[in-house]
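Me: I would like to learn how to read a protein structure step by step. Could you take me through the main features, giving the general idea before each case?

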Amino acid sequence: MTIIDAPSGNSSEGAQARAERVTITKLKAMKGRGEKIAMITAYDYYTARLVDGAGIDAILVGDSLGQVMLGYDSTVPVTMDDMIHHTKAVSRGVRRALVIGDMPFMSYSLSPDEALRNAARFMQEAGARAVKLEGAAVAPTVERMVAAGIPVMGHLGLTPQSINVFGRHKIQGKTRESAARILRDAILLEEAGIFALVLETVPTPLAALISNRLSIPTIGIGAGAGCDGQIQVVHDVLGWDPNYTPKHAHKYANLGPILDNAFKEYISDVQAGRFPAQENSFPMDETLLEGLET
Ligand code: KIV
């Protein structure tokens, strides 16, 4: 049986939401029309609601949550259960954007069967409509996932799960040899069936060349304006950390100092007895309390 339009609450609202949803086909069509794709990371319900409402095309529940949500110093310790927990929260906040779950370290490298099982968890348990994998060694696994109905986004250049191989975060593809390898890997992944490719921290001319060479969209982070779209870590663009902005990011807000002031004001109001004020409190007929204090 094919369910064409299963009702969800108000069925015309549900149908409209589905009609507006960003799909991988829409993203590919955007590249065809030369329209830039705007992507961002999110890890929680509230942020997801805000970026979705603002009109973002796709949301990556990135394993960067290891650093910005969980306080690790890399993405390596992040588990499948961490990712599923946060992807569920994001999916609950999204009506339109394409939600992509980032497969964490070792969740897709041990065996293709395990990779498939883990990718299915993102879609069945967490509401993601695609997954992302790092590197080109996974091309055969990508083929199996796509054949099984799981849209896959690739990720080349600086792939943070390999930080212990790279040694440190540094620009990738600066030599002719490494540039040629990244281009080869990009073509291999496109042939394996990815619907889009993240290019992280690679020189602008190389990213532009790859973007022209591929028919799927490239999404850059530190890869210049020649990519078909851009992705940023939400904490970087909101300026949560007053002391650090990566070179590839632009602060669209300065939340760190704003939040710091708000917390300090709250603490001092509580300490001085200014909060809660009358308008934050609930009155009652005090005669009802007579005699209760003894
Ligand atoms: O985990 C992440 O946030 C990412 C993006 C930086 C592409 O992989």
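Reply: Let us begin with burial, for which a residue is called buried when its relative accessible area is under 20%, exposed when that area is over 50%, and partly exposed in between. In this structure, which is a predicted model, Asp228 has 13% relative accessibility and therefore counts as buried. Lys31, at 15% relative accessibility, counts as buried too.

Me: What do the side chains of Lys31 and Asp228 meet in?

Reply: The general idea is that side chains of opposite charge can pair when their charged atoms come close. Here the side chains of Lys31 and Asp228 meet in a salt bridge, with 2.8 Å from N to O. This pair links distant parts of the chain, since Lys31 belongs to helix α2 (residues 24-33) while Asp228 sits in the loop between β7 (218-221) and β8 (229-232), and the two are 197 residues apart.

Me: Which residues are linked with Arg121 in a network of salt bridges?

Reply: The network links Arg121 with Asp81 and Glu125.

Me: How should I read a pair of aromatic rings, and how many aromatic pairs are there?

Reply: One looks at the distance between the ring centres and at the angle between the ring planes, where planes over 60 degrees apart count as edge-to-face. By this rule there are two aromatic pairs. In the pair of Tyr45 and Tyr46, the ring centres are 6.2 Å apart and the planes stand at 90 degrees, so this pair is edge-to-face. Tyr266 and Phe275 have ring centres 5.8 Å apart and planes at 65 degrees, so they are edge-to-face as well.

Me: Is Tyr46 buried or exposed?

Reply: Tyr46 has 55% relative accessibility and so counts as exposed, whereas Tyr45, at 34%, counts as partly exposed. Tyr46 has a charged residue over its ring too, for Arg49 lies over the face of Tyr46 at 5.5 Å from the ring centre. In the other pair, Tyr266 is partly exposed at 48%, and Phe275 is partly exposed at 38%.

Me: What span does helix α12 reach from its first C-alpha to its last?

Reply: A helix can be checked by setting its span beside the one expected at 1.5 Å a residue. Helix α12 (residues 255-272) has 18 residues and reaches 25 Å, close to the expected 26 Å. Just after α12 comes Gly273, which takes a positive phi of about 75 degrees.

Me: What does the secondary structure of the chain come to, and what share of the residues is buried?

Reply: The chain has twelve helices and eight strands, and of its 294 residues, 44% count as buried.

Note on methods. Residues are numbered from 1 along each chain as its sequence is written. This is a predicted model: local features need pLDDT of at least 70, side-chain atom pairs count only at pLDDT 80 or more; totals for chains, interfaces and linings use all residues. Side-chain values use heavy atoms; hydrogens and water are left out. Rings of Phe, Tyr and Trp (its six-membered ring) pair if their centres lie within 6.5 Å; planes under 30 degrees apart count as stacked, over 60 as edge-to-face and the rest as tilted. Buried means under 20% relative accessible area, exposed over 50%, partly exposed in between (1.4 Å probe, protein chains only). A charge sits over a ring if NZ of Lys or CZ of Arg is within 6 Å of the ring centre and within 35 degrees of the ring normal. Helices (H or I, at least four residues) and strands (E, at least two) are DSSP runs, numbered from the N terminus. The expected span of a helix is 1.5 Å times one less than its number of residues. A salt bridge is a side-chain nitrogen of Lys or Arg within 4 Å of a carboxyl oxygen of Asp or Glu.
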